[in-house]
Amino acid sequence: MKYLIMLVLPLGLLFMGGCVDCDQVTEDYTAAASTYASNATSASDCDAMVDAYQEGVDGGCDGYEQSLADGLQSGCDDL
């Protein structure tokens with residue numbers, strides 16, 4: 001029984017780690033977008049904004065679409 005618990009605990013933590021808090025993703029994206037808006041020539045701020053948005057896409061959050069993430073990335077690539 002002790003070995004079973006030792007096996008199940010890490011697996012449980014692995015699956016729990018995959019959960020995304022979509023409210024936190026929205027806060028992170030909003031903050032990153034605001035930072036980028038204040039300096040729209042900064043490639044690093046643009047990339048941070050795209051990364052924050054992509055987290056929402058990868059987490060399956062409502063309103064986050066891959067096509068929009070691709071569009072944001074395309075804009076950053078043009079900097």
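Hi everyone, let's begin with a definition: helices (H or I, at least four residues) and strands (E, at least two) are DSSP runs, numbered from the N terminus. With that in hand, the elements of this protein chain run α-α-α-α from the N terminus on. In other words, there are four helices and zero strands.

Some housekeeping before we look around. This is a predicted model, where local features need pLDDT of at least 70, side-chain atom pairs count only at pLDDT 80 or more, and totals for chains, interfaces and linings use all residues. Residues are numbered from 1 along each chain as its sequence is written, and side-chain values use heavy atoms, with hydrogens and water left out.

Now the overall picture. The protein chain has 79 residues, and 20% of them count as buried. Buried here means under 20% relative accessible area, exposed means over 50%, and partly exposed is in between, using a 1.4 Å probe and protein chains only. The chain exposes about 5500 Å², with carbon and sulfur atoms supplying 60% of that area. Those accessible areas come from the Shrake-Rupley method with a 1.4 Å probe, and for residues only the protein chains shown count as cover.

What about contacts? A contact means heavy atoms within 4.5 Å. Among contacts between residues at least 6 apart in sequence, 46% join residues at least 24 apart.

Let's visit the surface next. Asp21, Asp23, Glu27, Asp28, Glu55 and Asp58 form a negative surface patch. Helix H2 (22-38) and helix H3 (43-59) are the elements that give two or more residues to this patch. H2 gives the most, with three residues. Patches are made of residues with over 30% relative accessible area and no salt bridge; like charges are joined within 9 Å, and nonpolar side chains (Val, Leu, Ile, Met, Phe, Trp, Tyr) within 5 Å. A salt bridge is a side-chain nitrogen of Lys or Arg within 4 Å of a carboxyl oxygen of Asp or Glu.

Is glutamate 27 buried or exposed? Glutamate 27, found in helix H2, is exposed, because its relative accessible area is 51%. Glutamate 55 sits in helix H3 and counts as partly exposed, because its relative accessibility is 38%. Leaving out residues up to four places away in sequence, glutamate 55 touches Val20 and Val25. From C-alpha to C-alpha, glutamate 55 is 9.5 Å from aspartate 28, though the two are 27 residues apart in sequence.

At 32% relative accessibility, valine 20 is partly exposed. Beyond its neighbours within four places in sequence, valine 20 is in contact with Val25, Glu55, Gly59 and Cys61.

On to another loop. Tyrosine 64 lies between H3 and H4, and this one is buried, because its relative accessible area is 14%. Not counting residues up to four places away, tyrosine 64 touches Val25, Thr26, Tyr29, Tyr53, Gly56 and Val57.

Last stop: leucine 79, in the segment after helix H4 (66-77). Leucine 79 counts as partly exposed, at 46% relative accessibility. Which residues does leucine 79 contact, leaving aside its neighbours within four places in sequence? They are Tyr36, Ala40, Thr41, Ser42, Ala43 and Cys46. For leucine 79 and alanine 43, which are 36 residues apart along the chain, the C-alpha atoms are separated by 6.1 Å.

Methods:
Lys and Arg count as positive and Asp and Glu as negative; His and the chain ends are not counted. The place of a charge is taken as NZ of Lys, CZ of Arg, CG of Asp or CD of Glu.
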